[in-house]
Amino acid sequence: MVMWVFGYGSLIWKAGFQYDQKVAGFIKGYRRVFYQGSTDHRGTPAFPGRTVTLEPAPGDLCWGVAYKVNGEDDEHIALTYLEVREKQYDQKVYVDLFTDPSSPIPAVSGVMVYVASADTKANKNYLGPAPIEEIAKGTIWSQPRLPIPIRSSSKSIRMPRFACEGCGKCS
């Protein structure tokens, strides 16, 4: 049994589970946004922090890393871990991963990715769009449980350039 998981935020540099292969690449039709609220690891119920999620964006690409997990036991362990870590995301979607911007053929199909929907009935932690100052405040200052608050947020913001360095498509 083989499972692929796509990381587009903190999963890029801290998977937290055993994997057999790591592939940098991108998915099509999504973009990163800091629209998801977090009340467990980046904020509180009174002041939720903002975490990155994906929103549909036709024509856009989202760079990240896909992890290949082989074997029923490792898959179970990884899913158990991810269901806790990603618990405030209300959807799992399956996407194609591409590694070559000039190729229409995916490197891997059926890659699982956690996404927070904009449906506030299904996703009670959805915060939605906001002025950039509010988003920055919600990603940097609402992390009372992290020793270095800006670290994770700044990596997520810088990640697209890092992940596709040398692809020729990024400015």
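Reader: Start with contacts. Of those with a separation of 6 or more, what share comes from residues 24 or more positions apart?
Author: 73% of them. Keep in mind that the model is predicted.

Reader: What does the pLDDT average?
Author: The average is 85. Residues scoring at least 70 make up 82% of the protein. Residues 145-171 are another matter: their pLDDT is below 50. That stretch still has 41 contacts in the model beyond near neighbours in sequence.

Reader: OK, the fold. How many helices and strands?
Author: 3 helices and 5 strands. Along the sequence the pattern reads β-β-β-α-β-β-α-α.

Reader: And what percentage of the residues is buried?
Author: 44% of the 171 residues. The exposed surface comes to about 9400 Å². Carbon and sulfur atoms supply 56% of that area.

Reader: Let's do H1. How does its span compare with what 1.5 Å a residue should give?
Author: The two agree. Helix H1 covers residues 72-85, which is 14 residues, and should span 20 Å. Its end C-alpha atoms are 20 Å apart.

Reader: Which residues of H1 are buried?
Author: Glu75, Ala78, Leu82 and Arg85. Viewed down the axis of H1, the buried residues fall within an arc of 95 degrees, so they line one face of the helix.

Reader: What covers them?
Author: The cover includes strand S1 (2-7), S3 and strand S5 (108-115).

Reader: And which residues are exposed on the other side of H1?
Author: Glu72, Asp73, His76, Ile77 and Val84.

Reader: Switching to aromatics. How many pairs?
Author: The count is 8 aromatic pairs. Take phenylalanine 17 and tyrosine 19. Their ring centres are 6.4 Å apart and the planes sit at 75 degrees, so this pair is edge-to-face.

Reader: Is phenylalanine 17 buried or exposed?
Author: Buried, at a relative accessible area of 8%. Tyrosine 19 is partly exposed, with 33% relative accessibility.

Reader: Which residues form the aromatic cluster?
Author: Phe17, Tyr19, Tyr67 and Tyr81 form one cluster.

Reader: Last topic, proline 58. Where is its place?
Author: In strand S3, which runs over residues 49-70.

Reader: Why does proline 58 count as exposed?
Author: Because its relative accessibility is 81%, and exposed means over 50%.

Reader: How far is proline 58 from arginine 31 in space?
Author: 8.9 Å, C-alpha to C-alpha. In sequence, proline 58 and arginine 31 are 27 residues apart.

Note on methods
Residues are numbered from 1 along each chain as its sequence is written. This is a predicted model: local features need pLDDT of at least 70, side-chain atom pairs count only at pLDDT 80 or more; totals for chains, interfaces and linings use all residues. Side-chain values use heavy atoms; hydrogens and water are left out. pLDDT is the predictor's confidence in each residue, from 0 to 100. Contact means heavy atoms within 4.5 Å. Helices (H or I, at least four residues) and strands (E, at least two) are DSSP runs, numbered from the N terminus. Buried means under 20% relative accessible area, exposed over 50%, partly exposed in between (1.4 Å probe, protein chains only). Accessible areas come from the Shrake-Rupley method with a 1.4 Å probe; for residues, only the protein chains shown count as cover. The expected span of a helix is 1.5 Å times one less than its number of residues. The arc is that of the directions from the helix axis to the C-beta atoms. Rings of Phe, Tyr and Trp (its six-membered ring) pair if their centres lie within 6.5 Å; planes under 30 degrees apart count as stacked, over 60 as edge-to-face and the rest as tilted.
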